[in-house]
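Please open the model in your viewer and keep the selection panel at hand. The stops below say what to select next and what is there.

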Amino acid sequence: MSGILGTVAVTLALISALVTFVVLAGMTPILPTHIVVVWALFINGILVLLLVSVILWETYSLFRARREGAAAAGLHVRIVSLFSLVAALPAILVAIVASITLERGLDPWFTSSLKGLITNTVEIAHAYRDSQCRNMVRETELMAADLNRAKVLFNADRKLFHDFMLSRSVFLGFPSAMLVSEDGKVLERLEQKSLENLSPPSDEDIKDANTTDPVCLIPQSGNLFRSLIKLDWPEPTLLYVARTVDPRAVEFPAAAQTGVAYYQALEEKKLGIQIAFASMFALVALIVLLSAVWFGLSFANRLVMPVRRLIHATDQVASGNFYVQVPIRRAEGDLAHLGATFNKMTSELRQQHDGLVAASDVIDKRRRFNEAVLAGVSAGVIGTDAAGMITIVNPSAEAILQADGSSVIGKPIVEALPEVAPLLDEVLAGRQRQLIQGQMALNRDGRERMLNVRVTSEQAVGQDKGFVVTLDDITDLVSAQRTSAWADVARRIAHEIKNPLTPIQLSAERIRRKYGKVIVEDRAIFDQCVATIVRQVDDIKRMVDEFSSFARMPKPNHAMDDVVDTVRQVVFLMRVGTPDITFNEKLPEEGITAYFDRRLISQAVTNIVKNATEAVMAVDGNTRGVGQIDINVREQDGIITIDVSDNGKGFPKEHRQRLLEPYMTTREGGTGLGLAIVGKILEDHGGGIELLDHPGVSAGGPGARVRMWFPKSGISGSGSGGVASTDSKDDIKQRAIG
């Protein structure tokens, strides 16, 4: 039904458009009068509405099919758009040409040059009037200047002043001139000839007058121009002059304005005619356009059916259905050949897809296995491509880098771990080598770790080989080896040195008793040498005792006790011993009961606080009240943390962790065993020690912070003096650092 109605509507509309064009072109006896144009607009408008209704119904069917997922709906739109474009361009071009022709033939006098000339007439008239006014103002200023200089004559000889004023009035061309006071009284008046309608200046004109700019008074009617200026006299006096000008200076601006208004009225009528004819041409063009759209819709309905089947099958293939087949109809010609080619393609795709799915399953299983292996490895593993971009990071590597894996994947490894760059350069320089290893120090947030690094290249053909970087944290192992070695050295030194010390001391004292009374000369030198021997022997004994203490650290005797009270006792003793330093305590009001050795923990805290006081005094010197030490004790997630912060000189940036090794010190005269003993005590408690910067260092201030931590419940899996497992220690340490 819609097809028949569309055919009838298109036929009638095209006939109506043709008839309208013939009438407007003047090819028929029917003149294009106003009534004819209105009826043509009405009939064409009705037919346009009918065409729009038919096309809207077809368009609704098209969009309904598209909304329901029918294929080739987009092809409908393209074909319709093509037909519309082909029809619209000529129609629009014809409408433009017709409108321009109508404009040129309707009134040849309505040109831009003539319109500009008429419009400028008013401006020219006003310019002429203003020119007359400016001349009069300029001449008024000249006469006022002459009268200002002749003020003496006005008071001395009025007749002589009258003659002077008359001569200036004649010279400047003013038929009438007068002097007026501020109250409007005429003081002097000259009239070469009588001027009609010349009235004295009004009060408002006198009020507007000044000594610098004359006032030009333009009449509403007539040709009498007047000017008024205030003289520079002691008594307020005004010069009032008048002259006649060409009457056209006043009358022509109004006449020009009337002519422009008449021209604009004519132009408005022309625009209405143009709009009417342009509307008619637009309707004709719209009829042609809508007809082309309808033809496009009809043609697309017959063309799109085989394409729709093919598109529908393609959508199913895109959704993963590789078993779809397109029905082939030989009468469709090339589209039938396209369908056969499509069926062959889906068969090939189905075979390749099945093979890829099987291979993907195998790869996925291997990937899950590799991820499980990497997650269970204690060493950090970082994988990169040939360009050095990180492709994989296991949890251990994330902990070492102190970064989330998603934030480092895709970045260059030399950016995330710049310390490994020399080893990578060595691998790239020697492509044949498959394994390069070494050790490096990693510093993150003030914590230095010792890592054993292995760089392995992939077993791939060509130059595009990736790399696998393995990071083993051997900090604790190196520290334990060094501590064990130093403990053994300490035992040997203590054994070898302590034995001869007592005979040396006894021999020195015996020499002093036996030969002290005999030696008369250089007795003072003798006593000094013997005293030096005895004193040095005592110093060596004390050093040997420290070696022995470090070599034979007692095992901790764990018991339930209050950590806060233990720290408070240490701070009290140190405050009494060093009153010049300010101690700030941040201790919980309620005690923290834990399983630890009170004597050893007290010794460790005392050593750290004592080191802090010495660091403060080394900077502060004799200045009182500047040194400050903060002690903070807290418990979180079963970990007890003791922070001791000072505003002393702080720790060095490089090789800071080596200060925890035995016999490493930065203080003159120090043995380097204090921090090592503290570290050993905390290690025996399942904890550790960290050397950090004072919080104020980030703002440019000095200072250091020592963090001691150990588990609240003692070492897991053992009683007093037990040893924790490596995994549990690492877990506790990560929580303490966090």
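A salt bridge here is a side-chain nitrogen of Lys or Arg within 4 Å of a carboxyl oxygen of Asp or Glu. By this rule the count comes to 15 salt bridges in this model, which is predicted.

**Salt bridges**

Select Glu139 and Arg243: their closest N and O atoms are 2.3 Å apart, and they form a salt bridge. This pair links distant parts of the chain, with Glu139 in helix α4 and Arg243 in strand β5 (residues 237-244), 104 residues apart. Arg243 is buried, at a relative accessible area of 14%.

Go on to Asp561 and Arg598, a salt bridge whose closest N and O atoms are 3.1 Å apart. Here strand β11 (residues 559-562) holds Asp561 and helix α17 holds Arg598, 37 residues away. Asp561 is partly exposed at 25% relative accessibility, and Arg598 is partly exposed at 27%.

Then select Asp146, Arg149 and Arg168, which a network of salt bridges links.

**The disulfide**

How many disulfides does a search of the whole structure find? It finds one, joining Cys133 to Cys216 with an S to S distance of 1.9 Å. Cys133 is buried, at 11% relative accessibility.

**The largest nonpolar core**

Select Val563, Ile689 and Met708: of the 38 residues in the largest nonpolar core, these touch the most other members. Elements that each supply at least two residues of this core include α16 (563-577), α17 (598-620), α18 (674-684) and β17 (704-711). The largest share, eight residues, comes from α17.

Centre on Met708 and show its contacts beyond four places in sequence; among them are Ala604, Ile608, Ile642, Val678, Leu682 and Ile689.

Now select α18. Eight of its 11 residues are buried, so the helix is largely enclosed by the rest of the structure. Val678 and Leu682 are among the buried residues, as is Asp684. After α18 comes Gly686, with a positive phi near 80°.

**A surface patch**

Finish at Ile35, Trp39, Phe42, Ile43, Ile46 and Leu49, which make a nonpolar surface patch of about 660 Å². Ile43 sits in helix α2 (residues 34-67) and is partly exposed, at 41% relative accessibility.

Terms used:
Residues are numbered from 1 along each chain as its sequence is written. This is a predicted model: local features need pLDDT of at least 70, side-chain atom pairs count only at pLDDT 80 or more; totals for chains, interfaces and linings use all residues. Side-chain values use heavy atoms; hydrogens and water are left out. Patches are made of residues with over 30% relative accessible area and no salt bridge: like charges are joined within 9 Å, nonpolar side chains (Val, Leu, Ile, Met, Phe, Trp, Tyr) within 5 Å. Accessible areas come from the Shrake-Rupley method with a 1.4 Å probe; for residues, only the protein chains shown count as cover. Helices (H or I, at least four residues) and strands (E, at least two) are DSSP runs, numbered from the N terminus. Buried means under 20% relative accessible area, exposed over 50%, partly exposed in between (1.4 Å probe, protein chains only). A nonpolar core is a set of buried Ala, Val, Leu, Ile, Met, Phe, Trp, Tyr and Cys residues joined through side-chain atoms within 4.5 Å. Contact means heavy atoms within 4.5 Å. A disulfide is a pair of cysteine sulfur atoms within 2.5 Å.
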